[in-house]
Amino acid sequence: MDLRYSESEEAFRAGLRAWLAEVLPTLPPKPAPLDWPARRAFDTTWQRMLFDAGYAGIDWPVEGGGRGASPVEQLIYLEELERAHAPYVGVNFVGLLHAGPTVIVEGTPEQRARFLPPILRGDEVWCQGFSEPGAGSDLASLRTRAERDGDEYVVTGQKIWTSHAQVADFCELLVRTGAEDSRHRGITWLILPMDRPGIDFRPLRTIAGSTEFGELFLDGVRVPVANRVGAENDGWRVTMTTLSFERGTAFVGEVLQSMELLRGLRAMARRTGEWDEREVRRRVGHLGAELDALWALARRNVSQAARTGVPGIGGSVYKLALSELRQRIGELGMDLAGPAGLIWGDLPSDSLGASAGVIEAPGTRTVGNTEIVNTWVHGFSRTIAAGTSQIQRNIIAERILGLPKG
Ligand SMILES: Cc1cc2nc3c(=O)[nH]c(=O)nc-3n(C[C@H](O)[C@H](O)[C@H](O)COP(=O)(O)OP(=O)(O)OC[C@H]3O[C@@H](n4cnc5c(N)ncnc54)[C@H](O)[C@@H]3O)c2cc1C
């Protein structure tokens, strides 16, 4: 497809840029990282502002409350949000970026009408209940059981690493409906209302000090059969759709964020004199070139999703490359920061765009040492979340390159 910008697309960009310039100064300060109700309120209020202005669900169908726009407009939207340092999806990540898209592709008309508009309006937040203590990489071995009882499933089991469950209204939940050893053939994709009796969430703390995910215990939780997406025991196929969105398009905005961060690091190196070292220039150049290539791949995934409905298996290539690249950007930042990289927590926890850090880089967005340490620490989880690097390499080897199973 033609990814050059047409006149109408440039008009879309200008309108969005003007709107962002008007509304961003009116936003309240970002809430504290561990204040989950406040974070939900902040993220959903921003989502509602986007919705009211016609900028929610740019590439979602009009029937689902979206704008029904082209993939190019979706990319322009991401570029402009990043350029203006607008808030990103936050706790709306699952609903907006992979549960909603799954319901668009796999849901019934009733499910689309019920679940899509509240996601776009910021009324309802979703989480993802896929992983279990004994089923992470080997997702098909999951054991959370759902027994049919009339118009309901009765669900019992345990999920883990469930991000943002403490503020979620719904959970995209994988359950076993087939025999215990049915693996891929006995899984069903359900929409679990998080206010049902029998749900217990216990947060876990990450090395970054965040309680963004936790354990989800389900004890006889009743879920309407009407909340099943796809047929009973056909949930693995639906899951492949979810994962292709999660890996292929959900992190597209992060390429732009990473480009911005790299520009900040380059400016910082110039200021501190480290830019004179050839090795530093080489690393920055390589990372920049890789980000350019990733942006091209992101554009390809977005346009493929628009053409075929889903981003496809190539999402694994993108996810693998982006998560490993983020780690290398984090390492570069720590190397450039030197001893300042040891300071974390004594400064405002979120100094994005502020000059509160030990390191300042006038002329471009300031990169504070808190951001550098955050990028480095969070980098460790990048190659695990949404499927580990090893699993992506297996998928690429077997399903894209056609190599024999290891
Ligand atoms: C920040 C973060 C957020 C997350 N959020 C969610 C969420 O919201 N919902 C959710 O359901 N899950 C979530 N997860 C879980 C994530 O999907 C799993 O952690 C991931 O799939 C790996 O599973 P595991 O942790 O059980 O590791 P394991 O599967 O036990 O893997 C351990 C190690 O063995 C390697 N390994 C395993 N099998 C193979 C193989 N066949 N070949 C080669 N190597 C192999 C892995 O690569 C890894 O290095 C999140 C994880 C993180 C880090």
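Q: How many cavities of 30 Å³ or more does the count come to?
A: The count comes to 1 cavity of 30 Å³ or more. A cavity is a set of points on a 1 Å grid over the protein atoms alone where a 1.4 Å probe fits but cannot get out, and its lining residues have an atom within 4 Å of a point. The model is predicted: local features need pLDDT of at least 70 and side-chain atom pairs pLDDT 80 or more, while totals for chains, interfaces and linings use all residues. Residues are numbered from 1 along each chain as its sequence is written, and side-chain values use heavy atoms, with hydrogens and water left out.

Q: Which residues line the largest cavity?
A: Its lining consists of Leu261, Leu265, Ile329, Gly330, Gly333, Glu371, Ile372 and Thr375. Helix 7, helix 9 (315-337) and helix 10 (369-382) each give two or more residues to this lining; helices are DSSP runs of H or I with at least four residues, strands are E runs of at least two, and both are numbered from the N terminus.

Q: And what volume does the largest cavity have?
A: About 30 Å³, where a volume is the space filled by probe spheres set on grid points joined across faces, edges and corners.

Q: Which residues lie nearest its centre?
A: Asp59, Trp60, Gln74, Leu96 and Pro101, out of 35 lining residues. Helix 2 (36-52), helix 3 (71-83), helix 4 (93-106), helix 7 (252-272) and helix 8 (278-308) each supply at least two residues of the lining.

Q: At what angle do helix 2 and helix 5 pack?
A: Helix 2 and helix 5 (residues 109-121) pack at about 105°, with axes 7 Å apart; axes are lines fitted to C-alpha atoms over the stretch in contact, and angles run from 0 to 180 degrees between N-to-C directions. Helix 2 is therefore roughly perpendicular to helix 5, a class covering 65 to 115 degrees.

Q: Which residues meet there?
A: Thr44, Gln47, Arg48 and Phe51 in helix 2 meet Ile119, Leu120 and Arg121 in helix 5, with contact meaning heavy atoms within 4.5 Å.

Key:
On a 1 Å grid over the protein atoms alone, a cavity is a set of points where a 1.4 Å probe fits but cannot get out, and a pocket is an open set with protein on both sides within 12 Å along at least five of seven lines; lining residues have an atom within 4 Å of a point. Angles under 35 degrees count as roughly parallel, over 145 as roughly antiparallel, 65 to 115 as roughly perpendicular and the rest as oblique.
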